[in-house]
Amino acid sequence: MALRSKQQETTESRGPLKIGEVAKLSSIGIEALRFYERSGLLGRPGRTQSGYRVYDIDVLERLAFIKRAQVLGFSLDEIKRIIDDKRAGQSPCEEVRAIVRHRLQELDARMKEMKLYRKELGAALAEWDQAGAIDGHICGLIEGTEIESSLSETRRAERRADLKKR
């Protein structure tokens with residue numbers, strides 16, 4: 001059983017929480033809470049007779065989970081799938097491991113790319129230091145440089161490949 005803070009215990013004794021109270025206790029803005037609700041990350045809250053959203057204390061645990069998952073690099077879509085798996089009575093742990101495994105592979109590829117880019121950029125700077133000022137339309141140093149790896153081109157290629165997979 002999770003230990004609850006004094007603030008949560010006080011809140012529990014007061015009953016349902018309005019959206020402003022949830023925002024204050026979770027440090028998540030009201031608009032973000034509404035977005036999370038529309039996106040299916042949060043269950044539909046109850047409503048007062050005047051239409052105000054009211055949440056039970058469990059929403060704070062859900063929001064803490066969402067924040068923790070985001071810190072770990074999960075997208076909101078991935079978090080929603082994980083939550084949906086749990087709602088359906090399935091353990092999302094295998095999917096979580098698969099997502100993290102894939103993310104680590106992506107990071108390894110980017111790190112390799114960054115090392116190559118750094119090497120090429122360092123070589124360009126060494127050439128520029130020897131050359132001094134070079135005339136050009138704007139800057140001859142940039143205009144005359146041919147760096148083989150382009151981070152932005154590699155990322156565009158990765159995005160195209162990801163889109164083809166879907």
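**Entry 1: the pocket**

I began with the largest pocket and found that H4 gives the largest share of its lining, 7 residues. Helices here are DSSP runs of H or I with at least four residues, strands are runs of E with at least two, and both are numbered from the N terminus. I noted that this is a predicted model, where local features need pLDDT of at least 70, side-chain atom pairs count only at pLDDT 80 or more, and totals for chains, interfaces and linings use all residues. Residues are numbered from 1 along each chain as its sequence is written, and side-chain values use heavy atoms, without hydrogens and water.

I looked up the volume next: about 460 Å³. Of the 24 lining residues, Glu 61, Arg 62, Phe 65, Ile 83 and Lys 86 are the closest to the centre of this pocket. (A pocket is an open set of points on a 1 Å grid over the protein atoms alone, where a 1.4 Å probe fits, with protein on both sides within 12 Å along at least five of seven lines; lining residues have an atom within 4 Å of a point. Points are joined across faces, edges and corners, and the volume is the space filled by probe spheres set on them.)

Strand E3 (53–55), H4 (58–71), H5 (76–87) and H6 (93–131) each supply at least two lining residues.

**Entry 2: helix H3**

Which residues of H3 are buried? I found Leu 33, Tyr 36 and Glu 37. (Buried means under 20% relative accessible area, exposed over 50%, partly exposed in between, with a 1.4 Å probe and protein chains only.) Seen down the axis of H3, these buried residues fall within an arc of 100 degrees, so they line one face of the helix. The arc is taken from the directions from the helix axis to the C-beta atoms.

On the other side of H3, I saw Glu 31 and Arg 38 exposed. The cover over the buried residues of H3 includes H2, strand E2 (46–47), E3, H4 and H5.

I then followed Leu 33. Leaving out residues up to four places away in sequence, Leu 33 touches Ile 19, Val 22, Ala 23, Ile 28, Leu 42 and Leu 63. Contact means heavy atoms within 4.5 Å. Just after H3, Gly 40 takes a positive phi of about 85 degrees.

**Entry 3: Ala 124**

Last, I checked Ala 124, which sits in helix H6. Is Ala 124 buried or exposed? Ala 124 is buried, with a relative accessible area of 6%. Ala 124 touches Thr 145 and Ile 147, not counting residues up to four places away in sequence.
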